[in-house]
Amino acid sequence: MNQREPQDPRLLALVEGVVRIADGDLSTRIPVSGPRDEVAAVITGINLMADDLQAIYQELEERVESRTAMLREAQIELERMALTDPLTQLANRTALERALNHELVESERGELPPALLVLDLNSFKGINDTLGHGAGDTVLKVTARRLLAAVRDTDMVARLGGDEFAVMLPKSNAAHARGVAKRILRAVGESIDIGEVRIICGTSIGLRVAEPGQSVDDLVMEADTAMYAAKAEQGSSVRVFEPALLYARRLQGLMISELREAIRTDQLVLHFQPVVELASGRIEGAEALVRWNHPDRGLLMPDAFIPLAEETGIIIDLGYWVLRRAMQQLREWQDGPGMDEDFSMRVNISTTELQSLELIEHVREVLSETGVEASKLVIELTESMAVNGSDIDKYSLTGLRRLGIRLEIDDFGTGYSSISYLRSLPVNVVKIDRSLIQGLGTDEKERNFVAAVLQLIHACGMQAVAEGIETAEQAAELARLGCASGQGYYFGRPMAAEKFAELFRGT
């Protein structure tokens, strides 16, 4: 019986090495020893394969790690973007609400509660209207920087949208919050240079220190309510929340609902103020002025509801109602006796209406419904709307002119009155503001100034109308200076349609 030859130990090492490599241990290397035979060649090949696999696996791990890091960074950036206002790079509303929620939870554990300041820029809409949205964006960015400089690093500054900001003061109290609010008033109240124009944009601040058990929504709403109360006061101010303010806000909400209902059910009524040819005293037109015949509060003047309508967007529906009713009334007068053939109706429109793409079609529709000639409608707009309007504004003005409607600048002399813009405006008539004629008839300097204004208007090929005429002396002096038309209490206060008809019919 032959004895078996002893087994080569390299074979055992080879098998063990292959098993470890197969199990994923790519650092395994099989020792190469003994003669350079077929076994040694196999061992060398296995080791080279393990080297290649380890290099490939390491490169793969590095790629996975790099991609994972990139995905993590991208996720962090997305989260940052989701919590950041893109214009000012401040926190946004979502980020503020998260931070407030955290601070409210901390206060329930015995920490001091957070205080919230909500602020709104007082004259921002006017800046956008007169200087353009680029200037408005600059104001928002400057305001953001000033707010950050006015608070601690641990405080949060957020932009809630538009020109509304918020500052969250963690672990605060009323005295500290008032001090921060006053510091913000000073910072935001400093002038801002935009090109060659220097502006001052104040702010109104609402302050609310959180109470135990209060929700984020309630805290924000109450600070916002205090801010609106501050905004109702003159100039920049701080208002601390008090429960009575909620009642006033609920009344405002009720009034919004009532105003919508008033438009739907014809609670509104138009009064008309005569526009007179100064040389002859002939009534050549009327300005339609809206009133609200409130079922409980009586006849409300525009100041009581127009700002609310503009703030809430109801102004578009309100403006359409005024236009349609004014044209219907004009048609009714035209069908009756005593109406001058050249009689025209003036209707005011707001910036919001001018920026509506449906304005031109709506005006065309009203004129078609009533059968009123376009030339008998005069649309009044402010200087800022005419001078610094957007592309949509210019589109609307051009479209209205093409319909044959006359355009009139209202309150000329209160904005950016200059020859450079007046010559290029697509308007027919300029209404001189009452503030320019107050001293007319008694002040020689005032007379010379008004004469120069009229010469400017006439040189641009436009007609002039003076508003706010209260005395015979003012009317006579304006006529001598060449002003064609005028309106004011001297000729008649705004009156109901029936009373106005008696006036132009001479009955």
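Biologist: Which residues do ring pairs link into a cluster?
Modeller: This is a predicted model. A search of the whole structure finds ten aromatic pairs. Ring pairs join five residues into a cluster: F272, W333, F343, F500 and F504.

Biologist: How is the pair of F272 and W333 arranged, stacked or edge-to-face?
Modeller: The ring centres of F272 and W333 are 5.0 Å apart, and the planes make an angle of 65°. An angle over 60 degrees counts as edge-to-face. The pair of F272 and W333 is therefore edge-to-face.

Biologist: How many residues apart in sequence are the parts that F272 and W333 tie together?
Modeller: F272 belongs to strand β8 (residues 268–277). W333 belongs to helix α10 (residues 315–335), so the pair ties together parts whose separation in sequence is 61 residues.

Biologist: Is W333 buried or exposed?
Modeller: The relative accessibility of W333 is 3%. Buried means under 20%, so W333 counts as buried.

Biologist: Which helix holds F500, the partner of W333 in a pair that links distant parts of the chain?
Modeller: W333 and F500 form a stacked pair, 5.1 Å centre to centre with 20° between the planes. W333 is in helix α10, and F500 is 167 residues away. The helix that holds F500 is α18 (residues 497–505).

Biologist: Which residues form a nonpolar patch on the surface with Y57?
Modeller: Y57 lies in helix α2 (residues 38–82) and is partly exposed, at 45% relative accessible area. The patch has about 290 Å² of accessible area together. The residues that form it with Y57 are L60 and V64.

Conventions
Residues are numbered from 1 along each chain as its sequence is written. This is a predicted model: local features need pLDDT of at least 70, side-chain atom pairs count only at pLDDT 80 or more; totals for chains, interfaces and linings use all residues. Side-chain values use heavy atoms; hydrogens and water are left out. Patches are made of residues with over 30% relative accessible area and no salt bridge: like charges are joined within 9 Å, nonpolar side chains (Val, Leu, Ile, Met, Phe, Trp, Tyr) within 5 Å. Accessible areas come from the Shrake-Rupley method with a 1.4 Å probe; for residues, only the protein chains shown count as cover. A salt bridge is a side-chain nitrogen of Lys or Arg within 4 Å of a carboxyl oxygen of Asp or Glu. Helices (H or I, at least four residues) and strands (E, at least two) are DSSP runs, numbered from the N terminus. Buried means under 20% relative accessible area, exposed over 50%, partly exposed in between (1.4 Å probe, protein chains only). Rings of Phe, Tyr and Trp (its six-membered ring) pair if their centres lie within 6.5 Å; planes under 30 degrees apart count as stacked, over 60 as edge-to-face and the rest as tilted.
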